[in-house]
Amino acid sequence: MKALVAVKRVVDYNVKIRVKSDHSGVDLSTVKMSINPFDEIAIEEAVRLKESGVISEIIAVSCGVSACQETLRTALAIGADRAILVETDVELQALAVAKLLNALLVQEQPDLILLGKQAIDDDCNQTGQMLAALANLPQATFASKIVITEQHALVTREVDGGLETLQLDLPALITTDLRLNEPRYVALPNIMKAKKKPLDIVTPHTLGVDVTPKLNTLRVKEPPIRSAGIKVKDVATLVEKLKHEAKVI
(Lines give C-alpha, C1' and ligand atoms only; values in the text may rest on other atoms or scores of the structure.)
Protein backbone atom coordinates (compact mmCIF):
# COMPACT_ATOMS: atom_id res chain seq x y z
CA MET A 1 0.00 0.00 0.00
CA LYS A 2 1.29 3.42 -0.98
CA ALA A 3 0.62 6.67 0.93
CA LEU A 4 1.00 10.21 -0.37
CA VAL A 5 1.37 12.96 2.23
CA ALA A 6 1.22 16.68 1.38
CA VAL A 7 3.32 19.07 3.45
CA LYS A 8 3.53 22.86 3.41
CA ARG A 9 6.31 25.30 4.31
CA VAL A 10 4.92 27.93 6.70
CA VAL A 11 6.16 30.51 9.17
CA ASP A 12 7.19 28.74 12.38
CA TYR A 13 4.41 28.85 14.95
CA ASN A 14 6.74 30.50 17.52
CA VAL A 15 7.45 33.49 15.27
CA LYS A 16 5.64 36.80 15.74
CA ILE A 17 4.19 37.81 12.38
CA ARG A 18 4.93 41.30 11.04
CA VAL A 19 3.03 43.01 8.23
CA LYS A 20 4.97 44.73 5.45
CA SER A 21 5.08 48.52 5.57
CA ASP A 22 3.07 48.77 2.34
CA HIS A 23 0.41 46.36 3.72
CA SER A 24 0.81 44.06 0.72
CA GLY A 25 1.37 40.96 2.87
CA VAL A 26 3.43 39.40 5.64
CA ASP A 27 7.19 39.99 5.87
CA LEU A 28 8.90 36.62 5.33
CA SER A 29 12.41 37.90 4.63
CA THR A 30 14.05 37.04 7.96
CA VAL A 31 11.61 34.74 9.74
CA LYS A 32 12.10 31.07 10.54
CA MET A 33 10.12 28.70 8.32
CA SER A 34 9.03 25.19 9.32
CA ILE A 35 6.81 22.33 8.26
CA ASN A 36 3.13 23.00 8.92
CA PRO A 37 2.34 21.33 12.30
CA PHE A 38 -0.81 19.58 11.01
CA ASP A 39 1.16 18.20 8.06
CA GLU A 40 3.85 16.96 10.45
CA ILE A 41 1.11 14.99 12.21
CA ALA A 42 0.07 13.54 8.84
CA ILE A 43 3.65 12.41 8.11
CA GLU A 44 3.96 10.92 11.59
CA GLU A 45 0.74 8.94 11.12
CA ALA A 46 1.93 7.60 7.76
CA VAL A 47 5.23 6.50 9.32
CA ARG A 48 3.41 4.75 12.17
CA LEU A 49 1.24 2.92 9.66
CA LYS A 50 4.38 1.88 7.80
CA GLU A 51 6.01 0.68 11.01
CA SER A 52 2.93 -1.45 11.72
CA GLY A 53 3.23 -3.06 8.29
CA VAL A 54 0.14 -1.44 6.74
CA ILE A 55 1.97 0.90 4.34
CA SER A 56 4.97 -0.03 2.21
CA GLU A 57 5.92 3.37 0.75
CA ILE A 58 5.44 7.00 1.80
CA ILE A 59 5.73 9.85 -0.70
CA ALA A 60 5.99 13.39 0.66
CA VAL A 61 4.84 16.18 -1.65
CA SER A 62 5.17 19.94 -1.37
CA CYS A 63 4.25 22.80 -3.70
CA GLY A 64 6.02 26.14 -3.75
CA VAL A 65 9.42 27.80 -3.98
CA SER A 66 12.77 26.01 -4.07
CA ALA A 67 13.21 26.43 -0.30
CA CYS A 68 10.38 23.92 0.18
CA GLN A 69 13.06 21.27 -0.31
CA GLU A 70 14.01 21.87 3.33
CA THR A 71 10.45 21.04 4.38
CA LEU A 72 10.54 17.86 2.33
CA ARG A 73 13.88 16.86 3.86
CA THR A 74 12.20 17.18 7.26
CA ALA A 75 9.45 14.85 6.09
CA LEU A 76 12.08 12.42 4.78
CA ALA A 77 13.88 12.58 8.14
CA ILE A 78 10.65 11.71 9.95
CA GLY A 79 10.31 8.61 7.78
CA ALA A 80 9.04 9.31 4.25
CA ASP A 81 10.73 7.22 1.56
CA ARG A 82 10.89 9.78 -1.24
CA ALA A 83 9.71 13.29 -2.01
CA ILE A 84 8.35 15.37 -4.86
CA LEU A 85 8.52 19.16 -5.08
CA VAL A 86 6.24 21.01 -7.47
CA GLU A 87 8.42 24.08 -7.81
CA THR A 88 6.93 27.47 -8.68
CA ASP A 89 7.37 31.09 -7.62
CA VAL A 90 3.68 31.81 -8.14
CA GLU A 91 1.68 32.39 -4.94
CA LEU A 92 -0.31 29.19 -4.69
CA GLN A 93 -3.90 29.24 -3.48
CA ALA A 94 -5.87 26.26 -2.21
CA LEU A 95 -7.50 25.34 -5.52
CA ALA A 96 -4.17 25.46 -7.37
CA VAL A 97 -2.54 23.19 -4.79
CA ALA A 98 -5.46 20.76 -5.01
CA LYS A 99 -5.09 20.62 -8.80
CA LEU A 100 -1.34 20.00 -8.55
CA LEU A 101 -1.85 17.23 -6.01
CA ASN A 102 -4.59 15.71 -8.15
CA ALA A 103 -2.17 15.55 -11.09
CA LEU A 104 0.33 13.72 -8.88
CA LEU A 105 -2.39 11.30 -7.71
CA VAL A 106 -2.95 10.32 -11.33
CA GLN A 107 0.76 9.57 -11.69
CA GLU A 108 1.42 7.85 -8.36
CA GLN A 109 -1.93 6.09 -7.74
CA PRO A 110 -1.60 6.03 -3.91
CA ASP A 111 -4.00 4.03 -1.74
CA LEU A 112 -4.04 6.62 1.06
CA ILE A 113 -3.73 10.41 0.86
CA LEU A 114 -2.98 12.32 4.06
CA LEU A 115 -2.99 16.09 4.59
CA GLY A 116 -3.06 18.32 7.62
CA LYS A 117 -6.55 19.69 8.21
CA GLN A 118 -5.29 23.23 7.54
CA ALA A 119 -2.16 25.35 7.25
CA ILE A 120 -1.39 27.72 10.11
CA ASP A 121 -0.50 30.61 7.77
CA ASP A 122 -3.83 31.06 5.94
CA ASP A 123 -6.10 28.69 7.96
CA CYS A 124 -8.07 28.00 4.78
CA ASN A 125 -9.00 24.37 5.57
CA GLN A 126 -9.87 23.87 1.90
CA THR A 127 -7.17 21.92 0.07
CA GLY A 128 -8.10 18.46 1.34
CA GLN A 129 -11.77 18.86 0.54
CA MET A 130 -11.04 20.31 -2.92
CA LEU A 131 -8.61 17.50 -3.71
CA ALA A 132 -11.13 14.84 -2.69
CA ALA A 133 -13.70 16.44 -4.98
CA LEU A 134 -11.31 16.71 -7.94
CA ALA A 135 -10.11 13.12 -7.52
CA ASN A 136 -13.59 11.79 -6.72
CA LEU A 137 -12.31 10.15 -3.53
CA PRO A 138 -14.07 9.42 -0.23
CA GLN A 139 -12.82 11.74 2.49
CA ALA A 140 -12.71 12.08 6.26
CA THR A 141 -11.60 15.39 7.77
CA PHE A 142 -10.32 16.30 11.27
CA ALA A 143 -9.18 12.74 12.02
CA SER A 144 -8.26 11.92 15.61
CA LYS A 145 -7.82 8.15 15.01
CA ILE A 146 -7.11 6.11 11.87
CA VAL A 147 -7.30 2.34 11.48
CA ILE A 148 -6.41 0.90 8.06
CA THR A 149 -7.48 -2.55 6.89
CA GLU A 150 -6.89 -4.20 3.52
CA GLN A 151 -9.89 -2.55 1.85
CA HIS A 152 -11.09 0.17 4.23
CA ALA A 153 -10.06 3.04 6.46
CA LEU A 154 -11.89 3.45 9.77
CA VAL A 155 -11.59 7.09 10.81
CA THR A 156 -12.68 8.74 14.04
CA ARG A 157 -13.15 12.44 13.42
CA GLU A 158 -13.81 15.40 15.69
CA VAL A 159 -17.09 17.25 15.10
CA ASP A 160 -18.93 19.94 17.05
CA GLY A 161 -21.09 17.39 18.84
CA GLY A 162 -18.27 15.02 19.81
CA LEU A 163 -16.77 12.18 17.76
CA GLU A 164 -17.94 10.60 14.52
CA THR A 165 -16.64 7.34 13.06
CA LEU A 166 -16.58 6.80 9.30
CA GLN A 167 -15.65 3.79 7.19
CA LEU A 168 -14.07 4.71 3.84
CA ASP A 169 -13.31 2.51 0.87
CA LEU A 170 -9.69 2.77 -0.23
CA PRO A 171 -8.24 4.74 -1.92
CA ALA A 172 -9.32 7.55 0.37
CA LEU A 173 -8.27 11.00 1.57
CA ILE A 174 -7.91 11.90 5.25
CA THR A 175 -7.03 15.23 6.88
CA THR A 176 -5.41 15.07 10.31
CA ASP A 177 -6.23 16.90 13.53
CA LEU A 178 -4.07 17.70 16.57
CA ARG A 179 -5.11 14.76 18.73
CA LEU A 180 -4.23 12.09 16.17
CA ASN A 181 -0.65 11.72 17.41
CA GLU A 182 2.41 13.52 18.72
CA PRO A 183 5.17 13.76 16.09
CA ARG A 184 8.49 12.21 17.05
CA TYR A 185 11.72 14.04 17.66
CA VAL A 186 13.90 13.73 14.57
CA ALA A 187 17.32 12.33 15.48
CA LEU A 188 20.52 13.48 13.75
CA PRO A 189 21.18 10.11 12.02
CA ASN A 190 17.75 10.31 10.36
CA ILE A 191 18.46 13.86 9.24
CA MET A 192 21.67 12.65 7.60
CA LYS A 193 19.89 9.70 5.94
CA ALA A 194 17.22 12.07 4.59
CA LYS A 195 19.87 13.90 2.54
CA LYS A 196 20.41 10.73 0.48
CA LYS A 197 16.75 9.93 -0.14
CA PRO A 198 15.35 10.79 -3.62
CA LEU A 199 13.71 14.18 -4.09
CA ASP A 200 12.24 14.84 -7.54
CA ILE A 201 11.43 18.35 -8.79
CA VAL A 202 8.65 19.02 -11.29
CA THR A 203 6.80 22.16 -12.38
CA PRO A 204 3.10 23.00 -12.76
CA HIS A 205 3.71 23.20 -16.51
CA THR A 206 4.95 19.61 -16.72
CA LEU A 207 1.87 18.52 -14.77
CA GLY A 208 -0.39 20.49 -17.11
CA VAL A 209 -1.86 22.63 -14.33
CA ASP A 210 -2.61 26.37 -14.48
CA VAL A 211 -1.77 27.88 -11.07
CA THR A 212 -2.70 31.49 -11.87
CA PRO A 213 -4.18 33.02 -8.67
CA LYS A 214 -7.95 33.49 -8.73
CA LEU A 215 -8.02 35.85 -5.75
CA ASN A 216 -6.16 39.12 -5.20
CA THR A 217 -5.09 40.32 -1.75
CA LEU A 218 -5.92 44.00 -1.55
CA ARG A 219 -4.58 44.85 1.90
CA VAL A 220 -3.14 43.12 4.96
CA LYS A 221 -3.11 44.79 8.37
CA GLU A 222 -2.37 43.76 11.93
CA PRO A 223 -5.22 43.34 14.43
CA PRO A 224 -5.88 46.35 16.69
CA ILE A 225 -3.68 46.55 19.78
CA ARG A 226 -5.55 45.51 22.90
CA SER A 227 -5.66 48.03 25.71
CA ALA A 228 -3.99 47.11 29.00
CA GLY A 229 -6.09 45.52 31.70
CA ILE A 230 -6.79 47.00 35.13
CA LYS A 231 -7.21 45.63 38.63
CA VAL A 232 -10.40 46.20 40.62
CA LYS A 233 -10.72 46.16 44.37
CA ASP A 234 -13.77 43.90 44.65
CA VAL A 235 -16.43 41.91 42.75
CA ALA A 236 -18.97 44.73 42.94
CA THR A 237 -16.61 47.08 41.09
CA LEU A 238 -15.93 44.39 38.47
CA VAL A 239 -19.65 43.86 37.84
CA GLU A 240 -20.20 47.61 37.62
CA LYS A 241 -17.48 48.01 34.98
CA LEU A 242 -18.77 45.04 32.99
CA LYS A 243 -22.21 46.61 32.93
CA HIS A 244 -21.42 50.23 32.14
CA GLU A 245 -17.98 50.28 30.48
CA ALA A 246 -17.61 46.94 28.71
CA LYS A 247 -21.41 46.55 28.33
CA VAL A 248 -21.16 42.75 28.26
CA ILE A 249 -23.78 42.10 30.95
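This is a short tour of the model, stop by stop, with what to select at each.

**Before you start**

The model is predicted: local features need pLDDT of at least 70, side-chain atom pairs count only at pLDDT 80 or more, and totals for chains, interfaces and linings use all residues. Residues are numbered from 1 along each chain as its sequence is written, and side-chain values use heavy atoms, with hydrogens and water left out.

**Whole chain**

Show the protein as a cartoon. It has 7 helices and 11 strands. These are DSSP runs numbered from the N terminus: helices are H or I with at least four residues, strands are E with at least two. Along the principal axes, the C-alpha atoms fill a box of roughly 65 × 45 × 40 Å. Of the 249 residues, 41% count as buried. Buried means under 20% relative accessible area, exposed over 50%, and partly exposed in between (1.4 Å probe, protein chains only). Take the contacts with a separation of 6 or more: residues 24 or more positions apart account for 68% of them. A contact means heavy atoms within 4.5 Å.

**Helix α3**

Select residues 94–108. This is α3, with 15 residues. It reaches 21 Å from its first C-alpha to its last, close to the 21 Å expected at 1.5 Å a residue. The expected span is 1.5 Å times one less than the number of residues. Of the 15 residues of α3, 11 are buried, so the helix is largely enclosed by the rest of the structure. Colour the buried ones, including Val97, Leu100, Asn102, Leu104 and Glu108. Their cover includes β1 (2–6), β4 (57–64), β5 (82–87), β6 (112–116), α4 (127–135) and α6 (204–207). Step on to Gln109, which follows α3 and has a positive phi, near 50 degrees.

**The largest cavity**

Select Gln93, Leu95, Ala96, Lys99, Asp210, Val211, Thr212 and Lys214. They line the largest cavity. A cavity is a set of points on a 1 Å grid over the protein atoms alone where a 1.4 Å probe fits but cannot get out; a pocket is an open set with protein on both sides within 12 Å along at least five of seven lines; lining residues have an atom within 4 Å of a point. The structure holds 1 cavity of 30 Å³ or more. The volume of the largest is about 50 Å³. Grid points are joined across faces, edges and corners, and a volume is the space filled by probe spheres set on the points.

**The second largest pocket**

This pocket has a volume of about 260 Å³. Select Asp12, Lys32, Met33, Ser34 and Ile35: of the 13 lining residues, these are the closest to its centre. Then show β3 (33–35), α1 (37–51) and α2 (68–78), which each supply at least two residues of the lining.

**Gly116**

Go to strand β6 and pick Gly116. Its relative accessibility is 10%, so Gly116 counts as buried. Beyond neighbours within four places in sequence, Gly116 is in contact with Phe38, Asp39, Ala42, Thr175 and Thr176. Draw the C-alpha distance from Gly116 to Ala42: 5.8 Å, across 74 residues of sequence.

**Two cores**

Select Val5, Ile43, Leu112, Leu114 and Ile174. They have the most contacts inside the largest nonpolar core, which has 38 residues. Apart from that core lies another, of 25 residues, among them Leu4, Ala96, Leu101 and Leu105. A nonpolar core is a set of buried Ala, Val, Leu, Ile, Met, Phe, Trp, Tyr and Cys residues joined through side-chain atoms within 4.5 Å. Finish on Ile43. Leaving aside neighbours within four places in sequence, Ile43 is in contact with Val5, Val7, Ala60, Ala75, Ile78 and Ala80.
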